[in-house]
Structures are given as structure tokens and as C-alpha cells.
Amino acid sequence: MLAGKAYILQNQVTHVRYLPSLSKHSFMYPTFSLLVSLNSLENNELQLFGGLLFGYGSIWNRVTGLGARGYLYNIPKVPRTIRHKLIDVLNSHGHNGEELDDSWLMTMPSFLGIEGINPLSVHFCYRRGSTALWITVLEVHNTFGERHVYVLDAANSKEVTHDSFHYQWTFPRQFHVSPFNDRSGHYLCQMIPPSRPPSDTPLPHPRPIIKLTLLTAPPQSSKKLVAVQRSVSCTPLSNWNLLSTLICSPLGLLLALPRIIYQAYLLHYHKRLDVYARPEPCAPDSSIEGNLPTVINKVQTDAHYPPRGAVGWASKGLLEKWCEKRVYQYLRRRITIMDISVTFIPANIAERRVTISPETSQGSRVLIIHYRSPRIFPIIFMTPSAAHALLLGVHADKVFSVSSEDLFKEAFSASSEAVVQKQPWLARKARNIREASVPSHLGLTIPSCHPLDDPPRVVAILVLSLLFLLERIEKGVFGVFRARFVEGNEPWGGWERLVEKRTLAVLGSVRRGP
């Protein structure tokens with residue numbers, strides 16, 4: 001028995017949607033989660049049946065488990081414990097992470113090596129020398145593999161006047177969770193935490209409760225949605241208690257995603273709610289975010305709570321990796337004849353910055369490219385020219401920004417005559433594929449060959465064809481299922497939005513007159 005350091009919680013999860021009024025909806029289902037001491041977990045004091053029934057580290061070769069990679073942010077090839085990452089999160093939000101003594105982690109473990117999406121994990125943090133709650137970190141995951149944290153200081157909790165909650169905070173919504181909500185509005189978070197930090201003596205049956213109320217954007221601030229996770233029973237973590245829980249609910253840890261999909265089906269087809277396309281997370285570094293174009297689905301702004309909570313991004317696809325490699329290979333050849341240095345700065349804190357410059361110097365001219373998503377690389381590869389890439393990636397889809405459009409065009413406008421002479425049929429084929437996707441009335445010249453087609457390769461034609469095919473398949477699948485996006489929010493409508501924007505600008509200038 002590990003009473004005092006680890007518990008099994010039986011929870012009741014309730015969601016109630018109030019707005020829009022014609023789409024009112026509610027549901028409730030049971031879940032179970034673990035409440036464990038972070039120190040005991042990482043010291044391997046919570047292993048059950050030699051780590052086969054439950055353990056920390058790898059989630060493979062055991063029935064249930066917790067692994068550090070499933071929490072907070074990950075940097076490729078840099079292993080980090082949950083505690084180290086939690087300290088970094090606290091430091092990045094203006095707290096002294098070194099004061100952290102221990103924390104309760106409330107989360108759902110993996111099952112047979114499979115990690116569910118774990119919609120909400122909560123870190124109840126305590127500082128050294130105190131039994132009072134210090135910081136609460138809400139770690140939210142969505143179905144795209146993205147993660148976001150809201151860091152809530154107990155000292156800033158508002159006075160709670162009802163519902164018997166102990167703490168209450170209001171903070172801006174900054175993360176895409178439900179496709180039926182944009183990122184505007186505020187959360188009202190009310191909470192009952194464990195009564196004290198982990199210890200060697202049993203707690204009096206800790207039953208944490210988290211209640212999140214989504215309020216619409218000011219000035220109305222109406223109640224739109226309420227989600228509650230309520231612990232209805234608590235037992236110490238032990239071999240028998242965990243086994244009996246798994247026997248009573250063998251698929252309980254794997255049902256989160258199917259339940260989400262089912263409720264999304266009801267909301268979309270029965271309650272007639274349209275879908276918001278997934279926006280890219282905001283960069284946690286304000287200096288990077290300030291250089292990126294504003295996306296369509298903007299986060300709620302708040303001077304006291306800047307958007308710096310993103311800790312996890314969707315995984316980079318194989319085709320995105322191929323295009324990224326192609327772009328870097330081209331630039332390394334190109335800069336040998338250019339006096340220019342190119343730096344790519346990602347919004348994702350787990351991705352490294354890449355600077356490509358001449359070997360003999362740093363380049364007297366500097367091109368800085370900030371990007372929200374690795375989609376920048378397929379955009380550069382798929383569009384007919386650098387000018388087209390700027391229109392689609394910067395002005396339409398808001399994926400990246402450049403310090404100088406002229407330098408960007410120069411960097412990606414190498415002479416293509418040699419490529420055409422080497423493989424004329426490949427050059428024509430690639431040009432035709434790219435040209436077919438672009439509106440004909442943009443008024444931009446389409447070069448005879450793309451700079452990334454040098455050297456010409458059949459595999460490049462195959463990748464290019466596959467990228468466009470996947471776009472058409474995505475659009476076709478949504479069409480078959482008659483899925484509806486919020487107007488102007490379709491993930492494939494970049495060129496259409498650009499044409500509409502230009503048309504509105506022309507109409508506006510005509511109305512204003514000379």
C-alpha cells in the first residue's frame with residue numbers, strides 16, 4: 001500500500017453546453033485517474049509487481065504506466081524528467097522553479113503501451129517548507145497531439161463565495177481544444193485540491209474537483225460551456241486496488257478518444273454546430289510571436305496573461321520533413337553565390353533554429369524567417385515561385401513571416417535554365433502540377449522551373465503529386481461526410497481567401513474614390 005503518496009481516483013466527468021441556445025447539449029461519463037507524488041514516482045517508489053503492473057519510465061512491457069514524454073514539452077534527443085520540465089514551466093511563467101518541493105500529479109496512465117489523449121492533467125505544486133498549495137498547472141491536451149499549460153498561482157486566487165470551492169481564477173482562453181469553439185473568451189476555474197502535499201501518512205481520502213466554465217468574450221461574458229471533473233471515490237494505489245479497477249473497467253483508459261468523437265458527431269450533425277479548423281499554437285516566446293502574422297482564429301488577449309503556455313505541437317509529418325530537408329539543401333548551395341545569411345526561427349520551442357550562411361562569412365545581408373508550422377516547407381515547395389509562396393504562406397494562411405520579401409524572392413529565385421536543359425520533361429511536369437493549383441488571375445509570372453527542382457528528381461515529382469493529392473483527399477473526405485466549416489475557416493481555402501481579400505480591397509478603394 002502506498003497511502004499518502006499515490007491514489008486511484010474514480011471520477012465523474014460532466015460537460016454542459018449552453019450557447020448557442022439552439023445547440024444546448026450535455027453528457028456525463030465515468031473515468032479513473034491516478035493521483036501520485038511526483039517525487040515518489042520518479043524515485044521509482046510506486047512500482048507495482050516489479051513495474052509490470054504499474055511503473056514510471058517506459059510505458060512498454062507493463063500493463064499501466066507513466067512516462068515523462070507524455071507530459072509538458074519534449075526536446076528531440078534531450079531526455080528530461082517530468083520534474084525538470086515542470087521546473088522549467090514554472091520559471092518561464094515568472095516563478096522560482098527551484099523552490100518546488102513536491103507535487104501531486106493527477107492524470108490518466110497508459111494502458112498496454114497505449115497512451116490516450118489525456119485531456120486534462122493537473123500538477124498541484126508545493127514549495128519547500130510549506131504545506132499550502134503554491135501553484136496549480138493545468139496541462140491540456142487536444143486530439144492533434146498539442147499541449148498547453150495554464151499556470152495558476154494560489155496567491156492570486158479570487159475569493160470564492162459559493163459552491164464550496166477553495167480556489168478560483170479567471171484567465172483568457174488561449175488553446176484550441178473543441179473544434180466547435182474559437183479561441184476567444186475566458187475560463188473561470190474553480191477547484192478543490194488535495195488537502196495537503198504528499199507525505200508518509202495517509203491523507204483523508206483526497207477527492208480533487210476541477211470545474212472550468214467557458215465565458216464568451218467581453219463585454220458580454222456569458223456562460224457558454226461548463227466542464228467538471230469530480231472525484232467520487234478514492235483508494236490507495238496497490239496491486240489489488242489497481243487490478244480490481246482494471247477488471248471492472250478494462251477499456252476505461254482507452255475510451256476518451258471514442259467518446260470525444262461521438263460527442264463531436266452529435267454536436268455537428270444533430271446540433272448543427274460548424275467546425276473551426278485547427279489553428280497553430282501561439283509561440284511561448286513573445287519576441288517570436290510578435291514577428292508572426294496574426295492567425296484567423298485569434299487567442300483571447302489579456303495584458304496580465306500573455307499567450308505563453310504552448311508546450312507541445314503536432315508531430316511533423318514525413319512529407320514536411322522531406323520538404324524541409326529539400327529547402328535546406330537548396331539554400332546551402334544557393335548561398336555559395338549569394339552574400340546572404342538565412343535564419344529559420346520556429347514558434348515550437350522544441351524545434352531548433354537553423355541558420356544557413358556562407359562558409360567564408362556570416363553574410364552582409366540577413367533574411368530572418370519566423371514560422372508557426374512546418375507547413376512553411378511544403379508551401380515553398382508546392383507554390384510556383386517565391387512570390388506565390390509569400391502570398392499563400394504570409395498573407396493568406398498566416399504560416400510564416402519574413403524580414404524582407406525582396407531578400408526572400410532573391411533567395412528562392414535561382415536561375416532555372418540549367419534544370420530545364422537537364423530534364424525538360426520533369427521541369428514541364430512539375431510546372432504544370434504547380435500551375436494547376438494557382439488561380440490564373442493573380443498576375444504573377446510562373447517561372448519555367450522551380451528552384452527546389454534542382455537537381456531534377458523523379459522522387460520530387462512523386463512528392464509534389466502526393467502533397468496535392470492529399471489536399472484533394474482531405475477536401476473530398478469532408479465533402480463525403482458533409483462536414484461544415486465556419487465560413488472562411490476552411491483549411492484548404494488559402495487562395496480563395498486571398499482572392500476574396502484582394503477583391504474587398506479593390507471594392508473598398510473604389511468606394512472611397514480618388
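Is F377 buried or exposed? F377 counts as buried, at 0% relative accessibility; buried means under 20% relative accessible area, exposed over 50% and partly exposed in between, with a 1.4 Å probe and protein chains only. This is a predicted model, where local features need pLDDT of at least 70, side-chain atom pairs count only at pLDDT 80 or more, and totals for chains, interfaces and linings use all residues. Residues are numbered from 1 along each chain as its sequence is written, and side-chain values use heavy atoms, with hydrogens and water left out.

**Aromatic pairs**
- The structure holds 19 aromatic pairs, meaning rings of Phe, Tyr and Trp (its six-membered ring) with centres within 6.5 Å; planes under 30 degrees apart are stacked, over 60 edge-to-face and the rest tilted.
- Y328 and F377 form an edge-to-face pair, because their ring centres are 5.6 Å apart and their planes stand at 75 degrees.
- Y328 sits in helix α6 (residues 318-334) and F377 in helix α7, so this pair ties together parts 49 residues apart in sequence; helices (H or I, at least four residues) and strands (E, at least two) are DSSP runs numbered from the N terminus.
- Y371 and F377 also pair edge-to-face, with ring centres 5.5 Å apart and planes at 75 degrees.
- Elsewhere, ring pairs link Y150, F171, Y187 and Y305 into a cluster.

**Charges over rings**
- K223 lies over the face of Y18, at 4.6 Å from the ring centre; the criterion is NZ of Lys or CZ of Arg within 6 Å of the ring centre and within 35 degrees of the ring normal.
- R278 lies over the face of F144, at 5.4 Å from the ring centre.

- T383 lies in the loop between α7 (376-382) and α8 (386-396).
- T383 is buried too, with a relative accessible area of 3%.
- Beyond its neighbours within four places in sequence, T383 is in contact (heavy atoms within 4.5 Å) with H388, A389, L392, R434, H450 and W495.

**Helix α2**
- In α2 (residues 82-92), the buried residues include I82, R83, K85 and L86.
- G94 follows α2 and has a positive phi, near 85 degrees.
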